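This report walks through one protein model, part by part. Please keep the sequence and the structure in view while reading.

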Amino acid sequence: MSKNKIYSRRPSWDEYFMKLAWLVAERSTCIRHHIGTVIIKDKKILTTGYNGAATGTKDCFDLGCLRNKLNIPSGQKHEICRAIHAEQNAIIQGSYHGISIKNSTLYCTHSPCILCAKAMVNAGIKKVITHIKYPDNMFQKIFLEAKIEFIILNFNNFLINQTP
């Protein structure tokens, strides 16, 4: 073996999939937050999603952010936004491509809003792992009731740029 070989710690599966979620977030067309989601089952990637405008429509890069113009705080009035949330896009991709996401794990860079939480319940997501707390806590009650496991993943040496 070469003396110059660099050894690093191999990431856990959770770290690996969360890093992929951050990579997916780089495709976001939201001015405020770059959010990415990866849906996994049996250590296999089923779908991904990032927050951005509906396919074929103008995004906030083109039109500006209405939420910024109206001074709406993060985590409030989700309906006043052109973007479809990353979690919603990942769930939609499963439906669009005929991929069952039932009993899967959803990795998302940020914790979900209540709208995404309700979609996750009906999609059959069983576990949600996130990295950053989003300022909407309404999801917690529905996750408890629906028995969706929720984990905030904290780990050191996170190498992907987390700022938009």
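## Strands and model

Two strands count as paired if DSSP finds at least two bridges between them; strands (E, at least two residues) and helices (H or I, at least four) are DSSP runs, numbered from the N terminus. The model is predicted, so local features need pLDDT of at least 70 and side-chain atom pairs count only at pLDDT 80 or more, while totals for chains, interfaces and linings use all residues. Residues are numbered from 1 along each chain as its sequence is written, and side-chain values use heavy atoms, with hydrogens and water left out.

## The sheet

Five strands make up an open sheet of mixed pairing, in the order E2-E1-E5-E6-E7. At its edges are strand E2 (44-50) and strand E7 (149-152), each of which pairs on one side only. On average, neighbouring strands of this sheet are turned by 20° against each other, direction ignored.

E1 and E2 are joined by six bridges in the antiparallel sense. In this pair, lysine 41 is opposite lysine 44 of E2.

## Helices on the sheet

Angles run from 0 to 180 degrees between N-to-C directions, with axes fitted as lines to C-alpha atoms, for helices over the stretch in contact; contact means heavy atoms within 4.5 Å. H1 packs on the sheet, where it touches E1, E2, strand E5 (105-110) and strand E6 (127-132), and its direction makes about 55° with that of E5. Helix H4 (residues 86-96) lies across E1, E2 and E5 and runs at about 130° to E2.

## Threonine 29

Threonine 29 sits in the loop between helix H1 (13-25) and strand E1 (36-41). Is this residue buried or exposed? Buried means under 20% relative accessible area, exposed over 50%, and partly exposed in between (1.4 Å probe, protein chains only). Threonine 29 is buried because its relative accessible area is 16%. Leaving out residues up to four places away in sequence, threonine 29 touches Asn51, Gly52, Ala53, Asp59, Cys60 and Phe61.

## Cysteines

A disulfide is a covalent bond between the sulfur atoms of two cysteines. Here it is counted as a pair of cysteine sulfur atoms within 2.5 Å, and the count comes to zero.

The sulfur of cysteine 65 has its closest cysteine sulfur in cysteine 60, at 5.0 Å, too far for a bond. For cysteine 116 the closest is in cysteine 113, at 3.8 Å, also too far for a bond. Cysteine 65 is buried at 9% relative accessibility, and cysteine 116 is buried at 1%.
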